[in-house]
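Dear colleague,

Please find below the structure that I promised to hand over. I would be grateful if you read the notes that follow with the model open beside you.

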Amino acid sequence: LAHLCVLPPGFVESSCHSRIFWMKMNKLFLQRKFFQVEINDPYAGSVLLDEKLASRCGYVLSEDVWGNPIFRASVLGCHVVNEADELFSLTVNIRVSSFPSMRAAVTYTYPMYCSYSSWAPREIVCEENYMEVSVKTDVPAVSNDYTLAWMSALPETQNLAYQLWQLMFVSPSGRKRIMVSDAAKLGYSFNNTLSRVYLRAPYHSNESDFSMVGGVNMNMVTSTSMYRQRWLLLLIDTTVSCPVDGTSFTDTTLTWTVPSIIPTLVLQESTFLSKSISMGVDGQVIANPREKNYLMEHNTTHIGITIPIGAEGGKLKSSVSGGVYGVTYSIDLFLEHTWTDADWQTTKYTVIKPIVTPFIPQIPTVINNTLPEERIFNVAFGHFLPDVSLVSITIGNVPFTLRQAQHQGYKIYEAPFSNTTKGFILEVPFDDPYVLKEYVNKNETKYTLLLNYTLNVGPEMTLYYHSAELECIIADIELPEAVGYCDKENLYLAIPILGLHQYWNLYIGNKLLNRHTVLTNGYFAATNSTHLILQIPLFAIGVIYEEVSFQKIKARFDVVLRKVRTLETLEIFSTRCNFNSSAFVVCHPDGTIMISAQMKTVPAIDMSKTKLRDSSCKPKEYNKEHAFFKFHVTTCGTSVRFEGDHIIYENEISYEKETLPGRSLPTITRDTDYRLTVLCYYRAKETVMLGAFVSDSSMPKSPPFGSGTVVPRSNSAVYRRIRQVLNVVSRVSKDGSFMEFYEPNMAVLRRFLDPVFLEVELKDESPEAELYLDNCWVTGSLDFNSTPRWNITVDGQVVTERPTCA
């Protein structure tokens, strides 16, 4: 059941433009409701409007660019009440319901009126869904005396004439003649009024044809309306032609083009004269298009209207296509062109053209307005039309509704942008738990904000997603600064502990400074609330001896500050001091040994007469109590042996007694027997740090204690020599290419099990000479008979894979 109600104020408004009823319904009254439009026929009652009825009867039901329902009707429409071709009325019913089935609908009756008397001999209307041509039919009166009688009888003859009219269509398939009643079945509408005959045709009918006029595709129906009686034959040209395209677009404008002269409508082009051209928007004539930034141009062939995209009178609408945000611009245009020619005197040509641009991608931009000193991300996201709303936002991997985000402490708000667009502002603190933090460079933190916006786009509320990643790097980490100092026997480093193990670790050489390293290397470590205090004895592993002289040692200890993740070295904390020491042994990484030996014997001995195993190795410096030796592990009779994972080099400082010839036995001597064993330990299986040991000469013949060193980045040492016997030369290559060789008398350092590339070359140019490697070995000195030795080949056979001979 329908309930008749009074129209709410502002729901419907109507007008009459160019002999067309225009009715607009306010969409605000129809939100979330359904509606139907019925035509109220004064004789047949209400007729529901559908597509077929609309195109045949001269109706259009659509929406304007703002989404308001629009109803248009020709004053020559099927159910229009016509009074002398001057006054027209049409009543519609608007049914509104909350249900798709239209049950419980409320019906609003709305009458419309239109006055139009300035008919041209021929008028053509090109609507969205139909083409209409109306032609004035002037039939001469028999005499003035019969005019009133004729006029009074005309309605009756009109009723009879409808049954007798015929239509002849001319199309590419040939001629077709049909009765008016049959034409209605094909979607045409033909009728006559008091003074006019009109034909209404749908686009793309079987009897229509297409032609290209000035680059514009035209749909035309070529027809002749015929009326015949014994005493009368009336032929009326009811040809109609309308443009079906003619639109073109750039990134910033749309252009609508209509031909100035349409050949099927103007048979004698030489007599054509354009009288007036006007344009309108949304049913309103625009008197001065330039005021609205429109451009209308015309010449002898074309009429062109150019509209900037986004101009007043049209509407931009947001949409999503293929996951991409963009806009479309729509505007409802109409064009009226009046011309004269010899055949028709005056023709009024009206085209109504709703235009929608293709989808225009508008990739949103994310603008980083962050001020690092405020430690808050400030992100602007836009530009969007007003029909876009923010639904939710994901920060990191955590989604938040707008209410949840604000409860979390984030600030989200809309902000107006230029050209009536808007954006969304988001503020997130750097210290938020969902902001990623990464330590970079020396003292900087990289804060990364990962965002994913979810928006509702357009009237359809299409979901649109856009991700963004923002970074801000600020120097907000204080790099520690260490303080070094010394006492008589130790070096010290005081290092701040703030940030340790979070950003950095401390290393001694390549070893992580931890409890195990401290204990095994003889260090002492203490921690308070702010600093790590590291105590390093002078002769501990890792101490670097920059200068060693007779009774003085210039020592340095380094602690390396490295990144936790990348191990990149950022700082080297060093403490450096001079020490006076009476007795020491220093084992350098290059195999140099320095010894300061203190002699406390009674009676005292002559320190100049001390020596190493090789008696030619004498002190470099000496005084009454000290002797200073400096030599290489490959010289001075130094022996080598393996013990566990160590290579031990050993030598001995001794003093040769002087004897006095006596007159009788025993032999008398004034000298004390003195021997001091010197050991240097080199670890064979891992990189260790420079070390030394203290010797106590008050305990003769007792071996000293201590630790040794091996060259950093090397775990075992192979010492190379040149052996030249007769005309055979051996060399050590730096790699397997045997293109680059080490210099003579240079220590070649290799890790355990790393290959050594040896080359033996026969220099004898005699063609009879041949070279065979029978026995090949490596020793630690230039003495061929020195031990230990490492066999490479025995009886011509390779016995180890460590060295490689060529």
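**Disulfides in the predicted model**

Cys 617 and Cys 636 are both buried. Please keep in mind that this is a predicted model. A disulfide joins these two residues, Cys 617 and Cys 636, with an S to S distance of 2.0 Å. The link of Cys 617 and Cys 636 is left-handed, with -90° about the S-S bond. Cys 617 sits in the loop between β51 (610-611) and β52 (621-622), while Cys 636 sits in the loop between β53 (626-632) and β54 (639-643). The pair thus links distant parts of the chain, 19 residues apart.

How many disulfides does the structure hold? There are 6 disulfides in the structure. If the bonded cysteines are counted along the protein chain, the disulfides follow the pattern 1-4, 2-3, 5-6, 7-8, 9-12, 10-11.

Another of these bonds is formed by Cys 16 and Cys 114, with an S to S distance of 1.5 Å. Cys 16 belongs to strand β2 (residues 12-17) and Cys 114 to strand β10 (residues 106-115), so this pair ties together parts that are 98 residues apart in sequence. Is Cys 16 buried or partly exposed? Its relative accessible area is 28%, and Cys 16 is therefore partly exposed. Cys 114, in contrast, has a relative accessibility of 4% and counts as buried, because buried means under 20% relative accessible area.

A further disulfide is formed by Cys 486 and Cys 577, whose sulfur atoms are 1.7 Å apart. The link of Cys 486 and Cys 577 is right-handed, with 90° about the S-S bond. Here, too, distant parts of the chain are linked: Cys 486 lies in strand β40 (residues 483-486) and Cys 577 in strand β48 (residues 569-580), 91 residues apart. Cys 486 counts as partly exposed, at 25% relative accessibility, whereas Cys 577 is buried, with a relative accessible area of 15%.

Cys 472 has a relative accessibility of 8% and so counts as buried.

With kind regards

Technical notes: Residues are numbered from 1 along each chain as its sequence is written. This is a predicted model: local features need pLDDT of at least 70, side-chain atom pairs count only at pLDDT 80 or more; totals for chains, interfaces and linings use all residues. Side-chain values use heavy atoms; hydrogens and water are left out. A disulfide is a pair of cysteine sulfur atoms within 2.5 Å. Helices (H or I, at least four residues) and strands (E, at least two) are DSSP runs, numbered from the N terminus. Buried means under 20% relative accessible area, exposed over 50%, partly exposed in between (1.4 Å probe, protein chains only).
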